[in-house]
Amino acid sequence: TRDAAAARATVQRMRAQLPSAFEADVTSTEALALLFTGHPSEALRRADEVLSAAPERSPRVRALTARLAALCFGDRGDGALVVADRLEHELSDWTLPATRASLIAALIGTTRLIHGLGIATPSAVGAMGRWPEPQSGAAAVEQSSADVGWPLLAGMRRHLAGDLEGALDPLREALVQQRAGEGVFRSEAAAELIVVLCELNRLDEAETLFTASLPDQIAIIPGLSDWSAAAIAGAGLQRQRASSLAIAAAESAVRGGAELMAWVFLADAGRWGPPDRAAQARRELALQVDSAAARARSAAIDARATNRPGDLVAAAKLQLAQGFFRHAIELAEASQGTSDGAAERSVGRAAAAVLATAYEHVGTRSSMTPRTVRLTAREAEVSRLAARGYTDREIADRLTVSIRTVNSHLASVYRKLGIASRAELQRSFGST
């Protein structure tokens, strides 16, 4: 029923009605229930209670499963990777029901993807391919970019790297799969797809999906609904609203113990809304930089707020090192044309090197969306409104600028995109 309160009530009835000999089973089940209702930190505490008592294998594996995901999304990657290895060892000589084994495989794969091991995307199994196939560490080898595997993890992988078009089909397939059966990752699949659609400027499709498949309370990651709504607001040029929603998502993530995702949400708050608000929220939340991924996100947030070329390029290099190629491109391009003399040349060379490497991974400029083709923030705003059918006068009134300024921005956009008409602009921005 996707009812978090009912799940917690069921656990409490189990605790009240079952003999004390089943305490480890009840508590390990409670840990999983807490995990999948957006409370990773509480799930971690329950899991550690179970593990400290040296339980039998079944509750031990449940507790390790909860501990793995809680550490992963709590930005404690080293610990999560250790648990992943331990879980694989536990399962090497023990056969679990297919769904349970695949759930563990999904969390192991996600942990290794997020924390930088670059493993292969597991193959999909089952009648609908809804679950990943469990695999040993020896099988976790790098796949070519053409391989897909389990759709949700494949889509996440491509989204992280910035291959937005490549992420679309696997994420669409993942959402179809997660709408059936257990659907434990439905909220994650919906949120990822909504954000990717917004990044590709497919706002109408994203809004329709948000209405039909709103991320709900059954999710490991708190704040997914606000994150999705923030992406929609950002794509609709509602920058203040986008910032507020993304920051609210980060606050929910921190409260639930998903600090790694809080960094993601705050970084997007700085991309979709005023960067200074994201930087302020980052200070107020007092998030710790516990991983290389968090360090990259933190640098991006601060660099966007200062808007200093050197900071932007340094942050772009950190994104590049983490494989966040789209973010690296955005930051490197933002650094250009804002300095003079020797400083400008130095920044320009560093930015060009970042761009060359990033585009090698995500494709040429023609495969990217208009936002990443050196458009300024105002050019992107003007283009988006023009692509949605606003007249020059309406754009000028909405942005509080002159019609001449609108015309100047559009002329620059046409030149940069190599187009000559509003019709081509609509196609470039995927407008409907």
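Me: Why does Cys72 count as buried?
Reply: Buried means under 20% relative accessible area, exposed means over 50%, and partly exposed lies in between (1.4 Å probe, protein chains only). Cys72 has a relative accessibility of 1%, so Cys72 counts as buried. This is a predicted model, in which local features need pLDDT of at least 70 and side-chain atom pairs count only at pLDDT 80 or more, while totals for chains, interfaces and linings use all residues. Residues are numbered from 1 along each chain as its sequence is written, and side-chain values use heavy atoms, with hydrogens and water left out.

Me: What makes Cys198 buried?
Reply: Cys198 has 3% relative accessibility, so Cys198 counts as buried. In the protein chain, 53% of the 432 residues count as buried.

Me: How many disulfides does the rule give?
Reply: A disulfide is a pair of cysteine sulfur atoms within 2.5 Å. By this rule the count is 0.

Me: How many helices and strands does the protein chain have, and what makes a run one or the other?
Reply: Both are DSSP runs, numbered from the N terminus: a helix is H or I over at least four residues, and a strand is E over at least two. The protein chain has 22 helices and 2 strands. One of the helices is α8, residues 164-178, which holds Leu171.

Me: Why is Leu171 called buried, and with which residues is Leu171 in contact?
Reply: Leu171 has a relative accessibility of 0%, so Leu171 counts as buried. Contact means heavy atoms within 4.5 Å. Apart from its neighbours within four places in sequence, Leu171 has contacts with Pro151, Leu152, Gly155, Met156, Glu192, Leu193 and Val196. Between Leu171 and Met156 there are 15 residues of sequence separation and 7.7 Å from C-alpha to C-alpha. For the protein chain, 63% of the contacts between residues at least 6 apart in sequence join residues at least 24 apart.

Me: What makes a set of residues a nonpolar core?
Reply: A nonpolar core is a set of buried Ala, Val, Leu, Ile, Met, Phe, Trp, Tyr and Cys residues joined through side-chain atoms within 4.5 Å. The largest one has 96 residues, and Phe185, Ile220, Trp227 and Phe265 have the most contacts inside it. Not counting residues up to four places away in sequence, Trp227 touches His159, Ala191, Glu192, Val195, Ala249, Val264, Phe265, Asp268 and Trp272. A second, separate core has 20 residues, including Ala300, Leu331, Ala332 and Val362. In soluble globular proteins, nonpolar side chains tend to be buried together.

Me: Why does Ala300 count as buried?
Reply: Ala300 has 5% relative accessibility, so Ala300 counts as buried. Ala300 belongs to helix α15, residues 292-306. Leaving out neighbours within four places in sequence, the contacts of Ala300 are Ala315, Gln319 and Leu331.

Me: Arg282 is a charged residue; why does Arg282 count as buried?
Reply: Arg282 has 15% relative accessibility, so Arg282 counts as buried. Arg282 lies in helix α14, residues 275-285. Setting aside neighbours within four places in sequence, Arg282 has contacts with Trp263, Leu266, Leu287, Val289, Ser298, Ile301 and Asp302.

Me: How many cavities are there, and what makes a space a cavity?
Reply: On a 1 Å grid over the protein atoms alone, a cavity is a set of points where a 1.4 Å probe fits but cannot get out, and lining residues have an atom within 4 Å of a point. Points are joined across faces, edges and corners, and a volume is the space filled by probe spheres set on them. The count is 1 cavity of 30 Å³ or more. The largest cavity holds about 500 Å³ of space. It is lined by 30 residues, and those closest to its centre are Met156, Leu160, Glu192, Met261 and Val264. Helix α13 gives the largest share of this lining, 5 residues.

Me: How many lining residues of the largest cavity are nonpolar, polar and charged?
Reply: Ala, Val, Leu, Ile, Met, Phe, Trp, Tyr, Cys and Pro count as nonpolar, Asp, Glu, Lys and Arg as charged, and the others, Gly among them, as polar. The lining of the largest cavity has 20 nonpolar, 3 polar and 7 charged residues.

Me: Why is Ala286 called partly exposed?
Reply: The relative accessible area of Ala286 is 49%, so Ala286 is partly exposed. Ala286 is in the loop between α14 and α15. Its phi is near 50°, a positive value in a residue other than glycine. Most residues other than glycine have a negative phi.

Notes:
1 Å grid on protein atoms, 1.4 Å probe; cavity = no way out; pocket = protein on both sides within 12 Å on 5 of 7 lines; lining within 4 Å.
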